[in-house]
Structure formats: C-alpha cells, structure tokens
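Hi there,

Here is the structure I promised to send over.

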Amino acid sequence: MTDEILRLQHLQKSYGDHQVLRDISFGIKQGEITTIIGPSGGGKSTTLRCINLLEQPTGGEIEVHGENILAAGYNLNAYRAKVGMVFQQFDLFENKNVLQNCMIGQELVLKRSKAEAKQIAMHNLEEVGMAPFINATPQQLSGGQQQRVAIARAISMNPEVLLFDEPTSALDPEMVGEVLAVMKKLAETGLTMVIVTHEIGFAKSISDRILFIADGVIAEQGTPAEILDHPQNEKTQKFLHNFRQNAF
Amino acid sequence: MKSKFRWIALLIMLLTGTALLTTGQPVQAAKQSTLKIGMEANYPPYNWTQTNANNGAVPIEGSRQYANGYDVKIAKRIGQQLHRKVVVVKTEWDGLLPALTSGKIDLIIAGMSPTAARRKAINFSQPYRKSTFVIITNKNSKYARAKKLSDFKGAKLTAQQGTLHYGLIKQLPGAKRENAMRDFSAMRQSLTAGTINGYVAEDTEYESFKTANRNITAINLNKMSGFHVNPDEAEVSIGVKKGNDQLLTAVNKVLAGISNHQRQQMMSAAVKQQPQIKTKHTNWFINMMHRYGGMILGGVGMTILLALVGTLAGFIIGLLVSIVRTMPDPTKTGNRWLLNFCKWLLAVYVEVFRGTPMMVQAAVIYYGIAQFWHVNLNRTIAALVIVSINTGAYLAEVIRGGIIATPQGQFEAASALGMTHNQQMWHIILPQAIKNCLPSITNEFIVNIKDTSVLSIISVSELFFVGTTIASQSFQFFQTYFVISMIYLIMTFTITRIFNLIEKKLAGSRNYNLMANQVQVGTPQDGEANN
C-alpha cells in the first residue's frame, strides 16, 4: 500500500442526528480507477464530496501521502487544486466562455501565465473534442458538450485524482456515450479516478476496483468480476438484481 | 483568511472616509461679515424669490436667485446698522427653527409669530409687525358675508402647516378643519379650485392675493366678538438663538428706530413689488421657459447629479456590505467574533436606513450634525451623502439576494478548483449576481430620480424644489407641475432605455463562431504529452 496517494480512515458524516456515512475506509492507488456504486441515499456522493471537502466530515481522517488534511492549519485550497471534480450538473461558470472556464483555475490557483493556461486549456479541450467551441458560453451548449468542457476544466488543473459525481445522470441518453468515451480515454492515460455512477456496464469495463456503498458503509468491495458477477453481500445482490430488472 | 478582512477594512475606510469628507467644513456661523437671515422666500409680501436684484433684493445663499419682501427690507435695515452684509438662506418653514438653533442662520425674519412653544426653543425680538387675521374666501361664497364666528359653520377651512393660523380655526364653531397645507401657494390653489371654502391668514396675504385674483375677499376676524388671539401670536417677531443676547439687543434697538409709519410704507412697497402674473399674450410654456428655463435646467442637473452619484455610490456601498454579509464563518474564534460583529453592524445600518423615510434621515443628518457637532455641511454634499447611504442600504439587500440566488453549483465548482472565497466572489459569483440584479439597480436609479424630491426639506434646489418655487411665483400651478412631471418622465424613460441597452449588452450575443483553426494553438509535442 505504499503507492496509495489518498486514504480515508473511518470517515463519518452526520447531518444533525442523521448519520449518512458511518464508517468509510479505503485507499486510492496511483493510476487506479475506483468506481462507487450503490443505492440512492446510501452515501456514494457524500463520500466523494467529503474527499475534496465540499462536505466537512464529522469524524475520521483523510490522508494524502500519509498526511491528515483535516488537521488544523492544512492548506485546503492547495489540496483541492490537486483533487479535480466533475459534477452531475456540470456547473460550468456561466459568466465565462468555454476557454475561460478551462483557464481561470489555472491562472488564479496555479498562477500559470495566460499563455501557458491557454495552451493547456486548448490541448485538453481538443482531447475532449470541444476545441471548436471555445467562444461559446455554457448556455449555448448541450449537456454532453458542457460535461466534456467540465472534464477539460478539471484536467487542466493537472489533478492527482479526478472525482466524478454521477457525470452522466443529468444527460439525455444519446449524450451519455460521448461523455463515457472521454472518460475511457482519460482512464487509458493513467489518471487516477474515483467515479460515482449508475452505469454498471461502464463500471465493469473501466474499473480496477468497485466499492458497493449502502447505508453509510462499504458493504462490499473487489474487482468488477467479484462484485458484479459474484456478489457475496445480500444488499449487493438485491441492488444488482433490481438494476438488471429495471435496465431492460 | 487575511484577505477576507481586507474587505472589512476597506469598508470601514470608506465609511470613515465619507465622514471625514463631511467634517471638512468647520462652522462659520460666527463669521462677522455676513448676517444670515432664514426665511422661506416663498411667502409674499413678507418674503419671496425673484430672479434679479431689482427693488433692492438680497442674494440667496448658494444660488443665483434673490429674495425680497417686507422681511428683507427689515433685514436690510438691521444689516445696515450692524454693518453686516445681509444674505438670505432660503429655508423651508419647518426647517427654520432647527437652522437657527444649529447655527446655520443668525436670524429668522420670516413673518413668524413668537408663540409660547417657539419661545421655548428660541428668543424673539420686539414685534416688527402686528397682524390682522382674516379668512380669505371667494367673493361669491356664502361665507363672504359672515358677521360672527358661528357664521362659518360647515365651512371647509385650512391654514399653513405649523402656524398658529391653523389653531385659530378651532375658534370658529362648526367649521370643518381640513388638513393643514404646506404653503400659501397651495392654499390659493385649493381655494381657486374649490376644494376648500377659505383659509386663515393675515391681511397682508389678502393684499397680495388680491392682486392676482380679483374674486376673493377677506373677512376680518379680529373684530368679531369672542375671537381671541394672544397678543404674542398676533405679532411677528425676529427669531434669535438663545444665549445670543448681544444680537437680540442690537436687533431690538434697530426695530425701535423704525416708526409705524415707516413700517406701513415698507409693507405697501412690498405688496406692490411682489411677483405679479405677467399677462403677456404669448404661449404660457414659452413664457415659463423664458423666465424660468435656467432654474429648471439647474434643477434637472441637480436631480440627475443626486440620482447618479447616489446610485453609483450606493451601489459600491451595497456591494461591499453584501460581500461582508455573505462571508463564510472563519475558523479562528477571534476572527469569527470580529466578522459577526461587523455583520451585525451592517445589519443595523441596513435596517435603520431602510426603515426610516429619506426625508427624515435628511433632516436628522443635516440639522442634527450642525446642532450637536457644530459642523455646517454643504447642502449639496449632505444631500449626496444621504442619497448614497440610503441607496446603499437598499442595494445591499438587492445584491445580497443576487449572491444568494446564484446556484450553489457555481460556488462548489469554484471551490473544487481550489479558489479562495474572494476569488470565487470576484471572478465567478459577483459578475453573475450583479448581472441578475441589474433590473433592480435600474429600479433604484429611477426611484432616486423621483425620491430626491424629498430633499427639498434641506432646501436642495433639485427639480421639485425649483418647481415649487416657480409655481408659487407664477401661480401657474397646473402648468408648472405638469411641465415638471413631464421632465421627470423623460428622465426616467431615458434611463430605463439606457439600462435596457446595458442589460442586452451583458446578456451577450446568442451566436458564437466555431473556432476550428484554434487547434493550432497546441504545438505538436503537446499532442503527445498527456496530463
């Protein structure tokens, strides 16, 4: 486990009396693709949002290269810059065009020069196939296009880990494919990714490891074959059964 | 964390900065060279405003107009003997006492009676005129033949607000006391229009109104049995600030030297000289523009200046206030306490200035500062500060609303990139929030154009104040206010169009160009390297 870049230790999150995360512990290795699946309300998204501290955990530790980032005095903004996030609703900056969306974080947070930021942004927009749209504003793009720009925005920051929070859930079915294709391409570059998704088929094809989270704990984890083809936990079995029934 | 507090510091600097600006002018009430006389300059024949220096008129401070009348003639006699140059400070009736007690003027010579209530606040000289009280009514009215007090039963009567005339109506059994009116112009208009049957005034008002309207008559109340007026109240005296006994003695000495005959002559001259309706047979509009065009233009300029500066400065104040009020809690306890205290202070500011009328704020700030801190604010600067602070309170809430209404995802996406709170605000949130607030800001601008009219309380010569002056001089009430309302409409309409254009511009084009050739920006090596 020496090449783990991130480790969650007994992570907990409560909203008042309601405990969403009871005890979540897992590590993320360099270059690994981890997929989190599970029933709605089980804590998948909350886990992901705790990783980049959009939600403040109420217990446990988050270690980055062995250092606890929840300790007082840790530079959280520098940490967040290293952990990219792609949102369900894309959340592109509506007052910026496509190119500016991909440049602003580099300029403000990484202090890159305008020229350098533009070069990197252009390169990544090209990778996701959105280079021709650099002058468009988010409102002028389709959902799939917006999500591809959001991915380019995130990877322009050269993150160590990229988190995906149900990146295709808000898309029309015909746009899901283009986003998944971009994610697959990214995975092949060796980027470390943590993906929360309902696309079981996609999870199977891309993941090194799948976590099944339900009721605030990791109910089961293993390779795609172990989890999807031979689930041991009763909840996993029920979830996959329901999923297959509803899929067709 | 530090950078967050930079904004609080900036805000405090801004507030103290405006305070310094306003304290820049020390009181000069004691300056011996001029004798500042407070009057309405709107109450002929005692005092009125004219555009030239004819008939020995005296300049009105801070304007290119002149004041004249019986009061001015008396004031000039006093000035001559005290060897001080007389300057008239045009002041609304209700503003006269505060202006005197706060040292903005040296004397009130405004046809004012020395009532017991007023004596509590200021001292009065010996009377410089004794009045006869009359009811002014239409010649063909049934009340025109009244012989005793009870003959006014059922008559709708009024008098000027804040004068003892209004209280006299109570002595007429059965008379209906209508709401008191601001000035004689309004009462003349109401009588002509028939909304009242008459009003209580002095015989001098009859003398002067008679020259404008031949259909009116006056019924002398003094001679009717049962009519009682405190001798103090039937007289008009000069108001002097309490404690200023030297000036009071000097004024009394001068008054003692003016004989009754001389006083009567001065009053007759004033009645003759007061503004008359010019019956030229040209178009009334051309006439008005010819006589008052400059005044109207000045009023328009002042109104636009107040609204523009008020809205811009108010926007900046509102922006800073709303930024501080939407700051997240810092982690350090000390900082959190400081921030919460600032937020509380700003909440108080917003509540106070939103929760009180601007007119009252103007009176409190303008007269209050002079009275308690002995700082004589320049009227225009005071007006600008008041409009700015007032607008700031409204826009603080408008912009705060805009910030809160910005989708949570915009904050989260910016956080996820590692932006600090300040970077998020300036680069992502505020540009969107302000754009969304623009219709409300336009609204505030338009409200300001109209609502600056309440600043006439501190005698700022904006459009409405100018309109009132013109109406009282020309007696063309409908025409004057109609022209004034048209000018307001043109101003607000124009501003609406301008802001609509800005909104359109900010919304941006719906078209965009595909930039296929931008691919060239990436160099061939970049194509290989992956992030």
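S440(B) is partly exposed, at a relative accessible area of 33%; buried means under 20%, exposed over 50%, and partly exposed in between (1.4 Å probe, protein chains only). This residue belongs to helix α15 of chain B, residues 421-451, where helices are DSSP runs of H or I with at least four residues, numbered from the N terminus. Between S440(B) and V398(B) there are 7.1 Å in space, C-alpha to C-alpha, and 42 residues in sequence.

Before you read on: this is a predicted model, in which local features need pLDDT of at least 70 and side-chain atom pairs pLDDT 80 or more, while totals for chains, interfaces and linings use all residues. Residues are numbered from 1 along each chain as its sequence is written, chains are lettered from A and ligands numbered from 1 in the order in which they are written, and side-chain values use heavy atoms, without hydrogens and water.

Now the aromatics. Over all chains, the structure holds 15 aromatic pairs (Phe, Tyr or Trp rings, the six-membered one for Trp, with centres within 6.5 Å; planes under 30 degrees apart are stacked, over 60 edge-to-face, the rest tilted). One of them joins Y366(B) and Y367(B) edge-to-face, with 5.0 Å centre to centre and 65° between the planes. Y366(B) is buried at 4%, and Y367(B) is buried at 7%. The charged end of K104(B) sits over the ring of Y366(B), 3.9 Å from its centre (NZ of Lys or CZ of Arg within 6 Å of the ring centre and within 35 degrees of the ring normal).

Best wishes

Methods
Helix = DSSP H or I, 4+ residues; strand = E, 2+ residues; numbered from the N terminus.
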